[in-house]
Each structure stands twice: as C-alpha cells, then as structure tokens.
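This report goes through selected features of the structure shown below. It begins with strand pairing and then turns to a helix and to the model as a whole.

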Amino acid sequence: MLAPAAALLLASVAGPGLAQKMDHSQMDHGSMAMPQEEDHSAHEAPAQENSAADNAHAGHSMPASDDGIPKGVAPAPPKDHAAEAYYSPAEMARSRAAMLKENGGMTFSQLMLDRLEYRLGKGADGYHWEGEGWIGGDINRLAFKTEGEGEIGGPLESAEVQALYSRAIDPWFNLEAGVRHDIRPDPQRSYAVIGIEGLAPYWFEVGAQAFLSTKGDAHLRLEGSYDQRLTQRLILQPAAEVNIAAQDVPELGIGSGLSDIELGLRLRYEFAREFAPYLGVNWERKLGDSARYARAHGDRASVTSFVMGVRFWF
Amino acid sequence: MPTSSSIDRRSLIRGTAGLGALALVRAFPAWAQSGSAGLTPAPGVLSGEQIALTVGESHFQTGGRSAHAITINGTLPAPLIRLKEGQNVRLSVTNSLKEDTSIHWHGLIVPFQMDGVPGISFPGIRPGETFTYEFPIRQSGTYWYHSHSGMQEAMGHYGPIVIDPAGADPVQATREHVIILSDWSPVHPHVLLKRLKQSGGYYNMQRQTLAGLLAGKDQSAKERLEWGAMRMDPTDISDVTGSTYSFLVNGHGTAENWTGLFTLGERVRLRIINASAMTNFNVRVPGLAMTVVQCDGQHVQPVETDEFQIGIAETYDVVVQPVEAKAYGLIAEAIDRSGLVRATLAPRIGMAAEVPALRERPLLGMKDMGMDMSGMDMGQGGVIDLSQPANESMAGHSMKMLDPSVAPQVKMGPGVATLSPMPADRTADRPTGLENVEHRVLTYADLKSLEPFKDTRTPSRTLDIHLTANMERYMWSFDGVKLSDGAEPIAFRHMERVRVNLINDTMMPHPIHIHGHFFQLVTGKGEHDPVKHTVNVLPGGKVSFDITADALGDWAFHCHMLMHMHAGMMRVVTVRHEGEAA
C-alpha cells in the first residue's frame with residue numbers, strides 16, 4: 001500500500017486540512033464519492049435493460065413499485081401497547097423501558113493508554129505517556145485525554161489532562177469541547193478546549209484541538225496517524241503532531257507560530273487487540289522562538305529518541 | 001486465517017485426546033448426542049400437551065474453550081420439542097437465573113401475547129417465576145425457540161421445534177436428524193458487543209495487509225486506495241468471527257464430531273436450523289446432493305443443490321441419500337471462512353468424515369456496495385474498469401456512496417455511513433463467497449412453495465425499509481433510526497396486504513425476521529413465491545416481500561444478527577383494525 005514515508009507525509013498534511021473537513025458537504029459528497037464515476041454510455045447494454053435502468057434511476061424508485069403497486073398510505077401508528085390488554089401496564093412499562101435501552105440505548109466505555117513508553121536518546125532517558133478514555137452512547141460521550149513526559153529520575157516535565165464532552169457529528173468525526181489543565185510545567189495553566197477528531201479518508205486518524213488559556217494565550221494542535229497492517233498482528237504506525245501558538249508564551253517556553261513538530265514511527269505487535277508492545281523512533285523539533293527558548297534554557301531544539309513501550313486498552 | 005486454522009488444529013488434537021473427559025462435563029439431550037440414531041424413536045423428546053422447561057445456568061466447553069452457558073433443562077442445545085399440528089400445548093417456563101428470561105417460539109403462529117418478547121408481547125419472566133405459554137399448534141415443519149432477553153441466545157438458550165403435520169408428510173424420509181448450527185464464544189456477549197463498539201474490526205483477523213499485497217493477494221494497490229478513500233473494508237464479512245467463536249453442530253465442535261447414523265439406502269431428512277448469534281453458514285455434504293424440501297418450516301418443491309447459505313434464524317430441511325456405507329461430512333463453514341464445523345453422517349458410531357480446508361476468504365465488491373452494474377459489460381471476470389472516464393450520462397445519478405437523495409426517508413447522521421446508490425434485487429444471486437464455487441449453489445430464486453399461497457391479492461401499498469449502519473462506530477438501524485431513538489412502530493391494518501422492500505445500505509447480509517407472520521418473497525414465482533419468516537438480504541441488495549397482516553397485536557421486527565439487534569436494528573410492528581389507532 002503506501003510507503004511509510006508517503007503515509008507520514010499524508011498524515012501531516014491531513015491536519016491542516018481539517019478546517020475544511022469540518023464542512024459536512026465537503027466530507028460527505030466530495031471525498032466519499034467513488035474515485036471515478038462509472039461511464040455507462042461506454043458500455044453496450046441491451047436496449048430493454050437500458051430503459052428499465054433509466055426508469056429505476058429517474059425517481060430512485062424500487063422495481064417492486066414498478067409492478068403497479070401504489071405507494072399507498074400507512075395507517076397512523078397507535079400510541080397504546082397491545083400487550084397491556086393482557087398484562088399489567090406497569091410491568092409492561094418496566095420491560096419496555098429495558099427493551100428499548102437494550103436495543104440501541106446501551107452505554108459503553110473504553111480506557112486506552114495509546115502510548116506508555118521509555119525513551120532513549122542523547123542525554124537522560126525519559127518516559128512518555130498518552131492516553132484517553134470515554135463513556136457514553138453512540139452520539140454523546142464524556143471523554144478524557146492525558147499526556148505527559150519526564151526524565152527518568154528527574155522531575156515531571158509536562159503533564160496534561162483534558163475533560164471533554166464529545167459528540168458524533170457525522171459518520172466519521174466527533175466534535176469535542178471541554179477543559180484542559182496542565183499540572184506541569186510550572187506555572188500550571190488551564191485552557192478551554194474545542195476540537196474535532198475522527199477518521200479521514202484513507203483511514204487516517206486525525207484530530208485538531210484549539211486551546212485558549214485563562215491568561216488569554218491561544219494554541220492549536222494538529223495530530224494524525226495511520227495504522228499500516230504488515231500482517232494481521234504486526235502494525236506500523238507513523239504519527240505526526242504539530243503545535244502552533246498565536247503568541248509567545250515565554251514562561252512556558254513557547255514561541256509564536258509553528259512552535260514544534262513531532263514525528264514518530266512505531267511498530268507494534270498485537271498479542272491481543274488490547275495489548276501490543278512496540279518499538280519505534282520519535283523525533284521532536286522545536287521551531288522559531290520555541291527553539292530559541294529551549295537553547296537559552298540549555299535544552300536542545302531537536303531530540304531524536306528510540307522508544308519502546310506498550311499500548312493497551314480495555 | 002493463520003490464527004483460526006492453527007486453533008482448529010490445536011483443538012483437533014486436544015479434542016481427540018480428551019474426548020472421554022469432555023463427555024463428562026457436557027450434557028446433551030438425546031437427539032443432540034453424538035451417535036444419535038435420529039429422531040424416531042428418540043428418547044427425551046418433549047411432546048404432548050404439557051411441557052415443562054427450566055432456564056438455568058451451566059458450564060459448557062468445546063474445543064478447549066469453556067465458560068458459563070445458559071441452558072434449558074440443563075442442556076445446550078435445549079431439548080427438542082416435538083408437537084403435532086392441531087394439538088394444544090401448555091409450556092411452563094421456570095426461570096432459575098438471576099436475571100429475567102423469556103422464550104420466543106421462532107416461526108410459530110401464536111397469539112401475540114404468547115410470542116415471548118419482553119417489552120412487546122409480555123413483561124418477561126422474572127427470576128424464580130414460572131410463566132405458562134399456551135397456544136394451539138396451527139402449522140407443521142421445523143422451527144426453533146430461543147430467549148429474547150438480554151443476549152442469552154448467544155450463551156446457549158436455543159433449541160429445536162419439530163411439528164408433525166396433521167395429515168401425511170409430503171416429505172418422504174426413512175430417518176431424520178435435527179441439525180442445530182450455532183456459534184459459541186467463551187466471552188460474554190456483552191463484552192463482544194463492547195469490543196465492537198470500541199473497535200468495529202476487532203474480531204476480523206483476515207484483513208488486507210501489506211504482506212498480502214506483496215504476495216499478490218486480495219485487492220490491487222489501486223483498489224485498496226479506492227476503497228480506503230471511502231473508508232470501506234472489503235474484508236468486513238462478519239463482525240464476530242472464528243477468532244473467538246467455536247462453531248457447533250448440536251453443541252458439538254469439529255473435535256467432538258457430532259455423528260448422526262444412517263443405514264445405506266435410506267432417505268435421511270436433515271432439519272437444519274441456524275441458531276447462531278452472529279454467523280451465517282455455508283452448508284454442504286461433500287459427496288452428496290441435498291434436496292431442499294422445506295425452508296423456514298414451509299414446504300418447497302424439491303430442489304437439488306450442492307451447497308446453500310443459511311442465514312441466522314433460517315431453517316432448511318434437506319433430504320440426502322447416502323450412496324456408500326462411509327462417513328460423510330456435514331460441513332457448516334462461517335461465511336467469512338474464519339472457521340467451520342464438521343459433523344459426520346455415518347453408518348456406525350466411531351467414524352469421522354474428513355475436515356475440509358477452509359476456502360479462501362471472500363472479498364466484497366461493487367455489488368455489495370449497492371452498485372448494480374448488471375446492465376453493463378462487466379469485462380473479464382466481472383471486474384469493473386474504473387479507469388474509464390467519468391460521465392454524466394446517468395441522468396444525474398452519481399455513484400456517491402452517501403447521497404441522501406437516493407433514500408429520502410433515511411435519517412442521516414453518524415449512524416449512516418453509506419447508502420446503496422443502485423441496490424439490486426439479489427434474490428437470484430449466489431450469496432457472499434459462493435459466487436464462483438464450481439458446484440450448484442441454492443439461491444432464493446430456486447425456491448418455489450409446494451402449495452400456492454392462500455392470499456393472492458396484489459398488495460395495496462408499498463413500504464420501504466432501509467437497513468442502515470456505520471461499521472466503524474458499530475451502529476445499526478432501520479432508516480437511520482435505532483429502536484432506542486424513540487422509533488415509531490411500523491403499523492399495518494388488519495388483513496391488508498403490503499409490499500415491503502428491504503434495501504440493504506450496508507456491506508453485510510442481514511437476516512431480517514418478522515414475528516407472528518410469514519411473508520412471500522417476491523421472486524417471480526407468483527403464488528408459488530417462497531414463504532418465509534426470515535430473509536437474508538445480501539449486501540448492497542434489496543429484497544421485496546408481500547405480507548398479509550393477519551395477526552393482530554404488537555410484534556418484534558428485527559435483524560437476527562444479535563448484536564445488530566442490540567445496536568438498535570429493530571422495530572415494533574403493530575397490526576390493528578382500521579381506525580383503531582388511539
């Protein structure tokens with residue numbers, strides 16, 4: 001299928017395109033159309049079949065109604081319940097409520113640590129985690145996300161928690177809104193969050209989140225990843241993340257504009273769908289003022305790490 | 001594929017070694033025991049006017065997988081109930097579970113308040129209680145019964161019903177066996193459903209891979225990109241697969257080798273019931289032709305075939321006539337080829353038929369997406385040439401997979417990922433995966449009812465129902481609306497005759513079942529159109545049936561893939577006298 005490099009490239013361009021993807025008509029009708037529409041005139045079909053096909057297509061009617069059966073009028077659905085003539089209405093109401101809940105109205109949940117990894121590179125070894133969870137129905141869910149990292153034996157460098165309301169807005173994408181709180185770095189900071197995440201054409205997992213802090217600074221984060229199945233259980237996942245800031249935030253070491261970019265390539269083996277150890281590489285690069293702040297702080301602007309970790313969920 | 005076949009091999013070895021031990025912890029009713037001589041004479045069959053059933057919990061194991069099961073009178077499958085047309089029956093059902101239970105008599109024409117669907121026909125049976133069903137038997141044929149509570153059916157709560165005709169049986173057979181097909185997972189069905197909600201492809205271990213592409217298997221890179229652009233997976237044949245399911249004949253896996261006996265020269269009637277929660281099967285008896293004589297309990301004009309696909313909840317009665325005194329395999333293969341079960345028909349116990357290799361997993365195609373190209377030159381091997389330039393010659397009809405104008409009645413939203421742009425009547429098509437097998441394959445169009453149908457009126461109106469889904473979110477519905485969304489009942493006037501069109505907007509077959517009624521599948525046989533209670537609507541296709549709403553009351557109408565029903569693919573159908581709507 002796609003070479004990993006091409007996939008990475010596509011994943012990274014999928015992010016900036018998201019604003020456009022939020023437009024439903026674009027998503028449904030533009031990207032979901034067949035890559036190429038069929039050319040019917042190019043094929044010779046018997047005249048009889050042609051006319052039958054034309055009839056069917058003209059009004060999208062079913063051939064069944066071609067038999068001269070009228071559409072007719074359905075009776076108004078009754079509001080009462082037939083079984084109440086035989087059984088206690090209270091008992092029927094109880095069982096009916098259970099039945100309705102059971103057939104489409106159940107609540108589900110998931111807790112996932114997408115990355116829990118050890119990072120080896122120049123300098124001190126580090127750790128990193130990224131996880132999320134949700135509970136709810138098909139459309140409305142409560143979700144949380146968390147990520148953070150630090151040096152082994154050193155202090156926690158960053159730790160972020162988000163609490164979100166997530167709502168399915170179309171077959172593929174969820175709109176999310178809520179709050180984010182960064183426990184680290186110091187000073188702690190809180191943000192309002194609005195975002196979108198979902199599955200883009202070609203099976204790219206993409207997400208975009210905008211943050212506005214209580215101090216008034218605004219940020220944008222774009223993420224994308226792709227699962228390339230090498231075999232049924234061995235999966236290569238290129239991933240990309242880009243952070244953009246509307247202004248300098250010197251106390252957090254963030255410079256305005258494109259502040260950092262992160263690319264990763266992880267190879268996981270799914271012993272079970274829920275449990276997959278992995279190996280990979282991760283490259284982070286701070287750009288512009290962010291890079292300057294990092295250097296001034298004695299850190300490198302570019303960090304490449306070899307990572308090993310585990311992905312698990314339940 | 002590697003996974004499931006290695007499991008099969010492992011379980012085969014273990015099963016052979018531990019057959020004796022297994023037998024100790026496995027309880028079967030006599031008819032379902034291996035080495036059964038058949039139904040006549042059969043000890044332990046429940047007959048007569050008073051029948052007592054107790055629903056309870058037991059332990060069950062097969063092929064090295066074991067877990068709690070829900071059983072009736074301690075067995076899985078449940079006891080055979082054998083009745084006679086014209087009799088009355090009282091079935092007292094005692095619930096010894098810690099949760100509510102119920103029994104629905106699948107295919108039996110009963111008063112609606114005896115139909116056994118909690119919340120629609122009655123309140124259900126609470127723990128410790130006994131409920132007595134009572135109704136006259138107005139029909140004959142092969143049927144079955146199962147729970148309509150929770151997902152107990154997936155845990156073993158199912159059994160066969162055989163009703164002998166009041167007069168002579170038009171089917172001439174010297175011996176008969178009940179063959180109940182099912183799927184069994186040690187994982188609780190609620191967990192199976194949760195996994196599917198978390199990850200729609202969780203159980204699919206036969207997806208397309210890069211390794212497969214390099215080996216030249218499956219779709220070409222170009223096709224993969226085209227399908228990827230639509231976020232559609234051509235390997236999405238079954239939701240729950242052999243990666244967790246063991247497939248069973250009468251509660252026996254391949255290793256346990258359920259064996260039904262015959263004597264050479266006999267005509268053996270197999271009453272085949274698909275009691276699976278989530279598995280459609282391809283059924284064959286290699287080396288023997290099968291003569292289909294009944295479908296869904298209704299006699300059909302005998303038609304010979306070599307293989308047929310049985311949708312969940314359908315029944316097929318076939319007659320086979322062994323030509324040698326050897327072991328014949330009865331093979332039920334899951335349609336995604338993630339596993340199969342072999343049972344044996346043999347002249348004596350102790351023989352085992354060959355276990356055939358799993359055939360190649362099928363791939364879905366354009367027709368499964370609801371793009372009927374039948375009017376067009378399909379090119380070699382049915383491959384569509386997408387390299388032809390696009391063209392507007394189809395009167396503005398585009399090939400978009402989610403064009404709301406093709407189905408104005410469908411409520412669009414997250415639960416509807418695709419709409420079939422050109423759904424075809426596929427009742428004459430070979431079902432998924434059997435398109436190219438080299439022997440005869442039964443299609444619905446091959447079925448003709450033995451007797452002309454009693455109601456020959458032309459339907460007075462039509463009703464379209466779209467089967468809708470989003471596989472990624474694992475949402476299933478009718479017309480984009482789940483039952484739990486406050487869906488209105490589907491109303492019929494008493495005795496009106498209605499043409500119902502089921503349009504499958506998904507890429508999976510859906511066995512659609514209506515309670516309390518039979519319908520005539522519109523296949524151009526007129527008054528001999530086959531009469532059924534469940535119809536498997538092929539992917540991207542449509543099915544029309546004519547129904548006479550002759551059974552007053554409220555009834556369930558749903559997809560019989562248990563997890564689809566539980567995701568919301570269900571409705572209440574209500575039949576009332578004209579003008580009775582409150």
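## Strand pairing, burial and confidence

In chain B, Asn282(B) has Gln309(B) of β16(B) as its bridge partner. The model is a predicted one.

Strands β13 and β16 are part of an open sheet of five strands in chain B, ordered β11-β19-β18-β13-β16, in which the pairing is mixed. At the edges of this sheet are β11 (259–261) and β16 (307–310) of chain B, each of which pairs on one side only. From one strand to the next, the twist averages 20 degrees.

Another open sheet, of six strands, has the order β10-β9-β12-β17-β14-β15 in chain B, again with mixed pairing. Why is one side of β10 and of β15 left without a neighbour in the sheet? These two strands of chain B, β10 (246–249) and β15 (298–305), stand at the edges and have a single partner strand each, so one side of each has no neighbour there. With direction ignored, neighbouring strands of this sheet are turned by 20 degrees against each other on average. The partner of β15(B) is listed with its bridges: strand β14 of chain B, residues 290–295, pairs with β15(B) in the antiparallel sense over five bridges. Within this pair, Val292(B) stands opposite Val303(B) of β15(B).

Chain A contains six helices and 13 strands. Strand β6 (residues 189–200) and strand β7 (residues 204–213) of chain A are antiparallel and share 10 bridges; Ile196(A) has Ala208(A) of β7(A) as its bridge partner. The hairpin of β6(A) and β7(A) has three residues between the strands, and Tyr202(A) in this hairpin takes a positive phi near 70 degrees.

Strand β7(A) also pairs in the antiparallel sense with strand β8 of chain A (residues 218–226), over nine bridges. Here the bridge partner of Val206(A) is Gly224(A) in β8(A). The hairpin of β7(A) and β8(A) has four residues between the strands, and Gly216(A) in its turn has a positive phi of about 95 degrees.

| Strand pair | Bridges |
|---|---|
| β6(A) and β7(A) | 10 bridges |
| β7(A) and β8(A) | nine bridges |
| β14(B) and β15(B) | five bridges |

Helix α3 of chain B (residues 189–198) is mostly covered, with seven of its 10 residues buried. Which residues of α3(B) are buried? They are Pro189(B), Leu192(B), Leu193(B), Lys194(B), Arg195(B), Leu196(B) and Lys197(B). The cover over these buried residues includes β1 (108–121) of chain A and α6 (562–566) of chain B.

For chain A as a whole, 32% of the 314 residues are buried. Of the contacts in chain A between residues at least 6 apart in sequence, 46% join residues at least 24 apart.

The average pLDDT of chain A is 84, and 79% of the residues score at least 70. Over residues 1–65 of chain A, however, the pLDDT is below 50. That stretch has 115 contacts in the model beyond near neighbours in sequence.

Terms used. Residues numbered from 1 in each chain as written. Chains lettered and ligands numbered in written order. Predicted model: local features only at pLDDT ≥ 70, side-chain atom pairs only at ≥ 80, totals over all residues. Pairing = 2+ DSSP bridges. Axes fitted to C-alpha atoms, helices over the stretch in contact; angles between N-to-C directions. Buried ≥ 20, exposed ≤ 12 C-beta atoms within 10 Å, placed from the backbone. Contact = placed C-beta atoms within 7 Å. pLDDT = per-residue confidence, 0-100.
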